[in-house]
Amino acid sequence: MNIFKHHLSEIKKLILSEKDSLNLKNIDNLKGINLEIPPEQFEYDLSCNIAMVLGKKNNINPKTLATKLKSIFLKKIKNFSEIDIAGPGFLNIKLSKVALLNNINSILNNNTYGSTDSNETFNIEFVSANPTGPMHVGHCRGAIFGDVLANLLKFNGNKVTKEYYINDYGGQIRNFVESVYFRIIEIKYKKEFPKKENLYPGIYIKDIAEKIIKENMKLDFNEFEKNFEFLKKESLKCSMELIKKDLGLLGISHDNFFSETEIVNKDLVNKAVNKLKEENFVEEGFLQPPKGETNKNWKKIKRLIFKSTLFGDDTDRALQKNDGSWTYFANDVAYHMDKVNRNYKNLVNILGADHTGYIKRITAAVSALSNNKIKLNCKVCQLVKLYKNGEPFKMSKRAGDFISAQDLLKEVKKDQIRFMMLNRSNDVELDFDFDKVKEKTKDNPVFYVQYAYARISSLLRILKLKLFENVDLDEKNTNFNKIEEKIIRKVFEWPKIVESASRQFDLHKIPFYLYELSTLFHAYWSKGNDDQNYRFIENERIKRKEILLTINLVATVIENGMNILGVSLPKKM
């Protein structure tokens, strides 16, 4: 149960029935009224801004209105036991013991506590790295972001397809295949690998070459053009195997792989362009010179242009290059037309740091292709900087000129990578310190959350109890202490965190919240070392049933949160 939504609904219904007695002539559909968590010093369960919102709209002093509302709420809403008026008119509300226990029981009986119960369709395209070699660290952040977003949306009841767009067409692919070819020639015919611009130098190219030779011993590789299509197929297969292996080590798998070559072979670009032409969104014309380039240097060539400014873009976009061939953007338009035709309600693209300038044009294309019916949400994952022993982490010779995902996985475990890659907002750069994520201290968030769960598990082993066993409590004999109340309020906040993270795809809110909850639990555990009144166990028995209830609540939320993050929960540490 989301207690904020539930009790806000109660308040709004009551206001509608009491508006005349409160002399409220303007309620404006009760817009702007919300229930939040009060500041910690107030020790209340809910805080409502209703007196300020309605007071302003009706020219009534907020504190005067708050006094009337307090009286009505306490009289008419049985779940409210105490209300305090704070500041300019905030109503800080304490739930009755019955309401508290009902909410707690509702949580413990719901294995998807926090879910927003949505039912929409999503296509999330992420990673989509050029298949010219293994994944690098930059790909890892976007890969984990996309995977966790899929987990979150599924947790909320949505149907999600995780998609990888294979950029297997164009100049970069030709350079990649040529690099493999020269490595084959080097291995098989002892000819030196050429010092040619645009070739890929990584040792992994040699590995691919050796695998192709081993599987095709009798093939004559002397002519590049003659063998290009075969080498392209085999090289891409090997490269995608590397990428899928890296993704698997990070706990990531895709539902669908879509090939750019397939777009070309099926003539999807012409189909997409013709569709846009029918809607008068494409014209033949001339582009203006790019900023900073003079008209004298700019070659004015007539070409097909997408009118993306009609859909909020800064400038219209070329669909053709100077030689008349399709631009990369044209291929991307065709790919997104295919996604639109697959009838997803929501499209999501997870992009790298260098793709920020691409968002407006592809968003415009999706709007044009879907008649503004389908939303494309693009999230950019900024760069990751790696540090070890206080120094920037060096790239590997095997990868070439980048730090590979395999380098990262050799240093730290999957759980640490997944948690820490999400511990800051995706739109800011992330410093990833190997030493810090290996620490077994409070300063290492992933360890601290896992340790909270392990402590709970060890406690239950001692008591010979199972997690989530029924705890019989009644309001007359239940008395939570101040620390337990604080933890319970934090647990009540979980659905708001899920809702907020889901609304704007702010995934960093989940690990941050889990760390805060775990910190409260650890503080409670440590309190028992200093004060025997707060100890959990006495004579090998749980001292109070309220303790058992509290740790079950903490475990429930940590399980749900860490499952969304795709991070394991060891029962012993």
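**View 1. Strand E15, residues 430–433, has side chains that alternate between two faces.** Leu430 and Phe432 point to one face and are buried, where buried means under 20% relative accessible area, exposed over 50% and partly exposed in between (1.4 Å probe, protein chains only). Strand E13 (residues 384–388) pairs with E15 in the parallel sense, over 4 bridges; two strands count as paired if DSSP finds at least two bridges between them. For Tyr387, the bridge partner in E15 is Asp433. Strand and helix labels here are DSSP runs, numbered from the N terminus: helices are H or I with at least four residues, strands are E with at least two.

A quick word on the model: it's predicted, so local features need pLDDT of at least 70 and side-chain atom pairs count only at pLDDT 80 or more, while totals for chains, interfaces and linings use all residues. Residues are numbered from 1 along each chain as its sequence is written, and side-chain values use heavy atoms, with hydrogens and water left out.

**View 2. Here's an open sheet of 4 strands, in the order E1-E2-E4-E3, with antiparallel pairing.** Strand E1 (35–36) and strand E3 (80–86) stand at the edges with a single partner strand each, so one side of each has no neighbour in the sheet. E3 and strand E4 (residues 90–95) run antiparallel and are joined by 6 bridges. One to look for: Ala86 has Phe90 as its bridge partner in E4.

**View 3. Asn560 sits in helix H20 (residues 545–565).** Asn560 is buried, at a relative accessible area of 8%. Leave out residues up to four places away in sequence, and Asn560 touches Asn111, Thr112, Tyr113, Phe155 and Trp494; contact means heavy atoms within 4.5 Å. Phe155 is 405 residues away from Asn560 along the chain, yet their C-alpha atoms are separated by 8.7 Å. The Asn560 side chain also reaches the backbone oxygen of Tyr113, at 3.2 Å.

**View 4. Glu186 belongs to helix H6 (residues 171–189).** Its side chain makes a polar contact with the side chain of Arg183, at 2.8 Å. A polar contact is a pair of N or O atoms within 3.5 Å; within protein, one must be able to donate a hydrogen and the other to accept it, and residues adjacent in sequence count only if both atoms are side-chain atoms. Setting aside neighbours within four places in sequence, Glu186 is in contact with Lys191, Phe193 and Lys206.

**View 5. The second largest pocket holds about 330 Å³ of space.** Among its 15 lining residues, Ile37, Pro38, Glu40, Lys486 and Arg489 are the closest to its centre. Helix H17 (482–492) and helix H19 (509–530) are the elements giving two or more residues to this lining, and H17 gives the most, with 6. By class, the lining has 6 nonpolar, no polar and 9 charged residues. Ala, Val, Leu, Ile, Met, Phe, Trp, Tyr, Cys and Pro count as nonpolar, Asp, Glu, Lys and Arg as charged, and the others, Gly among them, as polar.

**View 6. The structure holds 1 cavity of 30 Å³ or more.** The largest cavity has a volume of about 40 Å³. Its lining includes Arg141, Phe145, Met421 and His508, and divides into 4 nonpolar, 3 polar and 2 charged residues. On a 1 Å grid over the protein atoms alone, a cavity is a set of points where a 1.4 Å probe fits but cannot get out, and a pocket is an open set with protein on both sides within 12 Å along at least five of seven lines; lining residues have an atom within 4 Å of a point. Grid points are joined across faces, edges and corners, and a volume is the space filled by probe spheres set on the points.
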